[in-house]
Amino acid sequence: MNPVVLIAEELAPAAIEVLAHDFDVRHVDGTDRPALLSALSEADAVIVRSATQIDAEAIAAAPRLKVVARAGVGLDNVEVPAATARGVMVVNAPTSNIVSAAEQAVALLLAVARNTASASAALKAGEWKRSKYTGVEVQGKTVGVVGLGRIGVLFAQRIAAFGTRLIAYDPYIQPARAAQLGVRLVGLEELLRESDFISIHLPKTPETVGLIGEKELAIVKPGVRIVNAARGGLVDEQALADAIAEGRVAGAGVDVYSKEPCTSSPLFAFDNVVATPHLGASTHEAQDKAGLAVAKSVKLALQGEFVPDAVNVQAGGVVAEDVRPLLPLAEKLGRAFTAVAGGVAASVTVEVRGEIVSHEVSVLKLAATKGLFSSVVEEQVTYVNAPHLAAERGVEVTLATLAETADQPTLVTVRGALPDGRTVSVSGTVTQSGARDVLKLTEVDGFDVEIGAEGILLFLRYADRPGVVGTVGTLLGESGINIAAMQVARREAGGETLMTLTVDQALGADLLTSAAESIGATAASAADLRDE
């Protein structure tokens with residue numbers, strides 16, 4: 001009997017063709033919950049888009065299930081931890097929409113430059129007013145690209161063909177890589193002051209939410225036009241509306257919103273705002289690419305072969321049981337390292353110490369690499385694409401193993417050399433609390449700590465003196481940010497000190513800056529270590 005592949009939503013004919021010869025392909029309406037649960041009882045794989053919910057209940061209803069495939073980029077409708085706990089592989093199509101998303105940003109930029117949408121609406125309403133909708137040329141203008149991930153690079157390559165000057169802000173890309181693309185790297189403030197057009201291509205993280213708000217919009221070049229086809233919330237919508245109303249910003253193209261679906265926004269009141277309902281991935285080609293990609297992944301998985309877009313490596317069955325608890329630890333150490341370093345290292349070493357090195361632990365290097373880039377690129381980072389992301393940015397990641405460790409039975413350290421010559425390290429271990437694994441940070445850049453590697457962590461470095469803890473606590477409290485845990489580490493009284501806090505809510509960039517300024521911190525960063 002051939003394995004059963006259940007298709008719960010519309011899939012491209014080419015994708016179905018990939019599966020038809022080797023598997024029993026069945027169809028069900030994924031939005032019909034009873035029908036879905038019944039059909040899952042015999043499924044070896046299920047393919048969904050965005051409407052079908054594959055949660056713990058659905059996974060429990062599928063005793064034969066080996067693969068859940070999402071024909072798209074996100075995984076909001078798939079409960080990955082529940083799948084992982086059952087040993088079910090989860091795959092998606094992380095690069096299926098990157099061309100469509102880049103082209104949408106270009107389309108919005110051109111539409112805003114030439115007042116296309118408002119002129120079209122006026123003409124259809126019986127008005128012929130050419131002079132009212134006079135626009136500007138793109139040629140010869142300075143275009144600022146905020147974020148040079150894959151979509152940002154595709155956008156830059158396309159807009160360069162219009163004869164533009166390209167500058168970019170991305171603290172996580174090496175200058176040499178930017179130079180190869182014909183892009184000059186600058187700070188965010190310089191980009192805001194110089195750009196005639198700004199296009200945003202960043203992931204949504206605690207540090208990027210509200211990245212462009214009232215303060216940033218106050219220093220933009222007069223007449224700038226801003227495009228956001230990346231993630232809602234990166235630009236403060238009310239602040240942008242105010243800047244447009246005041247004439248500082250000449251127009252905007254917006255495809256994403258802080259809350260979606262969005263049918264009401266202060267931006268909708270302006271004729272010089274082109275607003276679309278999150279159409280970045282809405283092309284026939286992107287949908288077809290997604291379906292074809294996951295069909296190929298499902299086929300590989302059911303045939304027991306290597307799967308390039310597997311999201312949860314634990315489901316692969318090649319990681320020793322003793323090593324598995326270290327996977328999330330290594331990934332979180334990578335995330336924390338990037339936050340503390342404040343940029344991408346030139347080279348990184350993942351050190352694994354203890355008896356655990358008698359097992360194959362190279363997967364921990366992959367997990368740490370995944371963490372290094374998870375908060376700084378647009379696309380989803382997996383255990384497979386993480387090395388490619390590192391190679392694209394010129395970051396060499398190596399593994400070192402030692403059989404002995406002084407303080408912990410098992411210790412994992414992510415240590416990296418930064419381009420400015422500094423060395424940064426973050427270490428952690430896994431302990432047991434009953435039957436539960438507890439992930440802990442044990443060292444941050446030379447400071448001994450002992451704090452859970454979970455939630456949202458803030459790192460503040462400053463000169464030791466009385467009153468600092470109270471100042472930070474008061475500021476966060478007044479901002480409605482609850483502190484779940486705090487630890488202060490110092491090498492000597494009055495010397496350099498590291499405060500590490502676990503907070504319940506994400507901080508915007510402005511609040512983190514305010515906290516740092518309030519205590520004269522020499523460095524401040526945030527790491528999102530919440531489970532994905």
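**Exercise 1.** Determine how many bridges join β7 to strand β8, and in which sense the two strands run.

*Solution.* Step 1: locate strand β8 at residues 184-185; strands (E, at least two residues) and helices (H or I, at least four) are DSSP runs, numbered from the N terminus. Step 2: count the bridges, which number 2, with β7 and β8 running parallel; two strands pair if DSSP finds at least two bridges between them. Step 3: identify a contact, namely A168, whose bridge partner in β8 is L185. Step 4: follow the chain from β7 through helix α8 (residues 175-180) to β8, a right-handed β-α-β crossover. Right-handed means that, with the strands pointing away from the viewer, the path from the first strand over the helix to the second runs clockwise.

The model is predicted: local features need pLDDT of at least 70, side-chain atom pairs count only at pLDDT 80 or more, and totals for chains, interfaces and linings use all residues. Residues are numbered from 1 along each chain as its sequence is written, and side-chain values use heavy atoms, leaving out hydrogens and water.

**Exercise 2.** Describe the pairings of strand β6 with β7 and with β9.

*Solution.* Step 1: β6 (residues 142-146) pairs with β7 (residues 165-169) in the parallel sense over 5 bridges, and T142 has R165 as its bridge partner in β7.

**Exercise 3.** State the strand order of the open sheet and name its edge strands.

*Solution.* Step 1: the 7 strands follow the order β8-β7-β6-β9-β10-β11-β12, with parallel pairing. Step 2: β8 and β12 (273-275) are the edge strands, each pairing on one side only.
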